[in-house]
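Colleague: Could you walk me through reading burial, helix length and salt bridges in a model like this one?

Modeller: Gladly, let's take them in turn.

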Amino acid sequence: MLFGRLLHQARKMAAITQVSSNKMFGGLQKVYSHESAECKCKMTFGVYLPPAAETDKCPVLYWLSGLTCTEQNFVTKAGAQRVAAELGIIVVAPDTSPRGCNIEGEDESYDFGSGAGFYVDATEEKWKTNYRMYSYVTKELPEIINKNFPTKPESASIFGHSMGGHGALICAFKNPGKYKSVSAFAPICNPVVCPWGQKAFTGYLGSNQETWKEHDATHLVAKYNGPILDILIDQGKDDNFLAGQLFPENFVSACRENKVPVVLRMQEGYDHSYFFIATFVEDHIRHHAKYLKA
């Protein structure tokens, strides 16, 4: 009976297809595609396998990208592979949304639809079948990674940028104990009060703003009572989106009120780009390594 159930579950899991493979710092930077059960379309993800993965099981660090990005932005611009190779950490970077679902309006704007899944499970009729990025990131993708690569399933952490920083924070707060650590670059900290968040949440979740709070890091951390998460956030002082979209001060205030450890580093002269991310990505990976390899 048990073997039959396991075989049935294995057959249900999507096969993955290798798109590319490049040797890098002694390991392999790969990209795969697969048919997603959650998003009902083909999804892609990048995975960096450090040299240690040839002989040992390794911890996994998930990266969530921001608006307009695919997996390629992180794979080609962040410069994470060198330190991941040194520390023996697998790094996974999925796409930011379903694509090519033929939903009316999915390609009309940069901040909603394609490239802008916001890491929520949509409840509005038009979007709810495909736009299930929260379940994809927290359930389906880890199952695929753990099935196909030499991981330590109990050792996973998550980080991200902008929309992906929002995604990383809410995934950690909504799943206490699932991730050993969480960090973010210029995250959308309080989406219920910013134009990006209000547009996305209205479209994906409807007009009831009380339901939005379950996908807002500032509201979630205010009531978080799970295992301690030592949060690291880097924010560029010259970020064009800092005023009016990101609201890190709201998040930090909520953390302090609930005694959740957080470090917010305001970086002089840095903007919202991958130049900023590449400058500090090593700090973040080493931050996660403290918990992944403890």
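Colleague: How many residues of helix 5 are buried?

Modeller: Buried means under 20% relative accessible area, exposed over 50%, and partly exposed in between (1.4 Å probe, protein chains only). Eleven of the twelve residues in helix 5 are buried, so the rest of the structure largely encloses this helix. Among them are M163, H166, L169, I170 and F173. Helices here are DSSP runs of H or I, at least four residues, numbered from the N terminus. The model is predicted: local features need pLDDT of at least 70, side-chain atom pairs count only at pLDDT 80 or more, and totals for chains, interfaces and linings use all residues. Residues are numbered from 1 along each chain as its sequence is written, and side-chain values use heavy atoms, leaving out hydrogens and water.

Colleague: What should helix 5 span?

Modeller: The expected span is 1.5 Å times one less than the number of residues. For helix 5 (residues 163–174) that gives 16 Å, and its end C-alpha atoms are 16 Å apart, which agrees.

Colleague: And how many salt bridges are there?

Modeller: A salt bridge is a side-chain nitrogen of Lys or Arg within 4 Å of a carboxyl oxygen of Asp or Glu. The count comes to 13. In one of them, E282 pairs with R82, with the closest N and O atoms 2.6 Å apart. This pair links distant parts of the chain, helix 11 (residues 274–292) and helix 3 (residues 81–87), the partners lying 200 residues apart.

Definitions and conventions:
Helices (H or I, at least four residues) and strands (E, at least two) are DSSP runs, numbered from the N terminus.
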